[in-house]
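Hello,

I am passing a structure on to you, and below it you will find a short account of what a search of it turned up. Please keep it open beside this message as you read.

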Amino acid sequence: MDNKRKKLTARFFNRRVTTVARDLLGKYLVRKIGDKEMAFKITEVESYDGEKDLACHASKGRTMRTEVMYGEAGTIYVYLIYGMYYMLNIVTGPKDYPAAVLVRGLEGINGPGRLTKTLAINRKLNGLPLAFTAGLWIEDRGEVVSKKDIEKTARIGVEYAGPIWSQKLYRFMLKDSRPNKKTAKIK
DNA sequence: TAAGTGATCTCT
DNA sequence: GAGATCACTTAA
């Protein structure tokens, strides 16, 4: 194994969700399908932190759908939204504490819906541990991300969570790989 | 800017 | 069982 490529373990994910989210920037998401391997740098993430976070699915309590979020750190949480798009999340924090990092953007791929389409991520991965066996894992390739390269903003599409939670700076992105967005309209 | 899409949750 | 909701994308 190449010593520049360190696979992130459950220990990495078993920390505060915002810390994990920030640290995931600059890491590589690796997807292996058959003999083919793809790797993309993570450029944008959001964190969802516990039942108290009204933007978090688990804010309504434990259900069949959210059960995965209560699981072990490093578990893959995939769900379908708007009837068309899969979202990729990584469960963080201790067991029985529902928190997860939503992977929103990779280098060259903007938008969480397109991300999962490109990487062929679907419901079959839901609940699996982030590992070689699932064909999906995250590597540290030795790239250093300094604090000033990280931009913190409010999360997207969570206005229903109310002013307090929708304004939390739980979204992290790399400045230098910022996608060509139209002028950000943050109201 | 509008609309499509289907799983999930909440009420009867 | 029925209806509302939703963390997005694409095409005009």
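The surface near DNA strand B is made up, by class, of 2 nonpolar, 2 polar and 3 charged residues, where Ala, Val, Leu, Ile, Met, Phe, Trp, Tyr, Cys and Pro count as nonpolar, Asp, Glu, Lys and Arg as charged, and the others, Gly among them, as polar. This is a predicted model, in which local features need pLDDT of at least 70 and side-chain atom pairs count only at pLDDT 80 or more, while totals for chains, interfaces and linings use all residues. Residues are numbered from 1 along each chain as its sequence is written, chains are lettered from A and ligands numbered from 1 in the order in which they are written, and side-chain values use heavy atoms, with hydrogens and water left out.

Of the atoms of DNA strand B within 4 Å of the protein, 57% belong to sugar or phosphate, and the rest belong to bases.

At Gly83, a polar backbone atom is 3.4 Å from a base nitrogen of DNA strand B.

Elsewhere, the charged end of Arg141 sits over the ring of Tyr28, 4.7 Å from its centre (CZ of Arg or NZ of Lys within 6 Å of the ring centre and within 35 degrees of the ring normal).

Best wishes

Technical notes:
A residue is near a molecule or strand if one of its heavy atoms lies within 4 Å of it. A polar contact is a pair of N or O atoms within 3.5 Å; within protein, one must be able to donate a hydrogen and the other to accept it, and residues adjacent in sequence count only if both atoms are side-chain atoms.
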